[in-house]
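This report is for a reader who is new to the structure shown here. It goes from the whole chain to a few of its parts.

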Amino acid sequence: MTNAHDRQTAGFKERTRVAEARETLLSAATPHGRTERLPLGRADGRPIAETVTAPNPVPNYDRAAMDGWAVRAEDTFGASGRSPAVLRLVADEAQSTPDAAVDSGAAVRVHTGSELPAGADAVVMVERADAIGSELEVFDAVTAGENVGETGEDVADGQRLFDPGHQLRPSDLGLLKSVGVGEVSAYDYPTVGVIPTGEELVQSDPDPGEIIETNGLTVSRLVERWGGVATYRDVVTDDPNALRAAVQRDLTKDVVVTTGGSSVGERDLIPEVVSELGEVLVHGVALKPGHPVALGIVEETPVVMLPGYPVACIVNAVQFLRPLLKRVGHLPERPFPTVEARLRRKIPSEPGIRTFARVRLDDAEDAADGEGVERTAEPTRADGSGVLSSVALADGWVAVPEGREGYAEGETVTVEGWEWSA
């Protein structure tokens with residue numbers, strides 16, 4: 001491993017591409033195995049840890065799918081407006097008798113969702129028949145199964161519903177309850193220790209030379225949004241012993257995250273500390289803002305060392321911490337919501353570097369084809385990794401790939417709404 005003096009002298013002559021750095025990190029991470037059984041009311045958003053099959057069918061009986069009359073389909077064959085089929089009406093109260101049956105030539109009044117009487121195999125809609133005294137005139141023939149919801153039509157008995165890792169949604173909970181499942185085995189939330197570092201950081205009322213700590217707060221809230229449980233630690237000063245103790249304390253977590261001190265300056269100590277305790281897998285990534293990110297592992301616990309500049313910290317958290325959290329927590333990683341927009345100004349970018357340019361969206365003039373309104377994107381800043389307002393006041397960012405030298409004014413680009421994604 002390169003020593004501190006050599007590393008500081010070399011700087012970042014070689015930078016790992018984003019995709020390669022991410023894959024290196026994820027390959028070194030192991031999903032945790034902690035599970036718990038939860039009632040459905042507490043399982044929303046949790047990834048399940050077992051295959052779930054339906055113990056009961058839905059519906060669990062043949063039912064009427066329309067208001068009308070339960071009949072034997074063969075008794076209506078040939079029925080028409082001019083020559084209706086005439087059936088014998090069975091009293092309505094017969095429907096509630098367990099052994100009530102529809103005999104040949106009979107009809108029983110049913111309502112949507114009610115159990116189909118024994119012997120019946122179809123339902124004549126109420127508007128296609130007339131009840132006259134004790135008889136029913138049917139004007140349209142029905143076929144077997146018509147207007148009937150069969151047993152298991154929605155969910156079959158024993159049907160495979162969800163596989164391990166599926167993240168439960170409210171509609172899933174309703175489905176599980178409908179088939180008689182009352183609780184599930186789910187993976188615990190992944191845990192993250194968030195350690196802000198830097199002797200210049202304070203929580204409020206900064207003196208000259210001091211800075212209010214924001215990265216730890218931002219990252220811990222992102223962790224919670226992405227499905228983890230964050231422990232937001234007090235600021236740790238730029239001292240090797242203090243940093244070492246802070247990292248070791250949080251090795252009981254699934255992931256350790258530090259903010260600040262990840263570059264190659266004299267006070268950028270955290271990569272060396274992690275190298276002593278374990279291994280630095282990547283140091284320096286080809287992205288802007290935020291190339292001084294470092295990724296490591298200590299005693300099988302991944303350590304993400306985020307830069308101290310706020311925008312660089314956020315960009316790297318999204319690119320590396322989010323997918324890592326999804327992996328260790330058995331959570332699905334879904335794509336960000338996006339919108340297409342036309343650039344009002346150019347976005348410059350250095351070849352070989354993936355650039356994340358913050359933009360603000362606006363509605364522009366009617367689109368050229370006359371359909372709808374064309375969105376436009378105004379870059380807030382193309383650089384400035386310490387300007388937090390450029391993110392907080394933006395609607396998203398445009399990721400310029402490594403093979404592009406930026407985007408020209410007027411080009412249509414994809415804006416990622418990264419902050420609106422779980």
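Predicted model: local features only at pLDDT ≥ 70, side-chain atom pairs only at ≥ 80, totals over all residues.

Residues are numbered from 1 along each chain as its sequence is written, and side-chain values use heavy atoms, with hydrogens and water left out.

**The chain**

The chain has 8 helices and 26 strands; these are DSSP runs numbered from the N terminus, helices being H or I with at least four residues and strands E with at least two. Of its 422 residues, 46% count as buried, that is, under 20% relative accessible area with a 1.4 Å probe, protein chains only. Contact means heavy atoms within 4.5 Å. Among contacts with a separation of 6 or more, 73% are between residues 24 or more positions apart.

**An open sheet**

In the order β7-β4-β6-β5-β9-β8, 6 strands form an open sheet with mixed pairing; two strands pair if DSSP finds at least two bridges between them. β7 and β8 each have a single partner strand and stand at the edges, so one side of each is left without a neighbour in the sheet. Strands β5 and β9 run antiparallel and are joined by 4 bridges. Val-86 stands opposite Glu-137 in β9.

| Strand | Residues |
|---|---|
| β7 | 122-125 |
| β8 | 129-132 |
| β5 | 85-90 |
| β9 | 135-138 |

**Helix α5**

Helix α5 spans residues 240-249, and its Leu-243, Ala-246 and Val-247 are buried. These residues lie on the same side of α5, because they cover an arc of only 95° around the axis; the arc is that of the directions from the helix axis to the C-beta atoms. The buried residues of α5 pack against β13 (191-196), β17 (255-259) and α6 (270-277). At the start of α5, a side-chain oxygen of Asp-239 comes within 3.1 Å of the backbone nitrogen of Asn-241.

**Asp-188**

The loop between β12 (183-187) and β13 holds Asp-188. Is Asp-188 buried or exposed? Asp-188 counts as buried, because its relative accessibility is 19%. Beyond neighbours within four places in sequence, Asp-188 is in contact with His-32, Arg-34, Thr-35, Glu-36 and Arg-46.

**Helices α2 and α7**

In α2 (residues 18-28), residues including Val-18 and Leu-25 meet residues of α7, among them Phe-320 and Leu-324.

Notes
Buried < 20%, exposed > 50% of the residue type's maximum accessible area, 1.4 Å probe, protein only. Polar contact = N/O pair within 3.5 Å; in protein donor to acceptor, adjacent residues only side chain to side chain.
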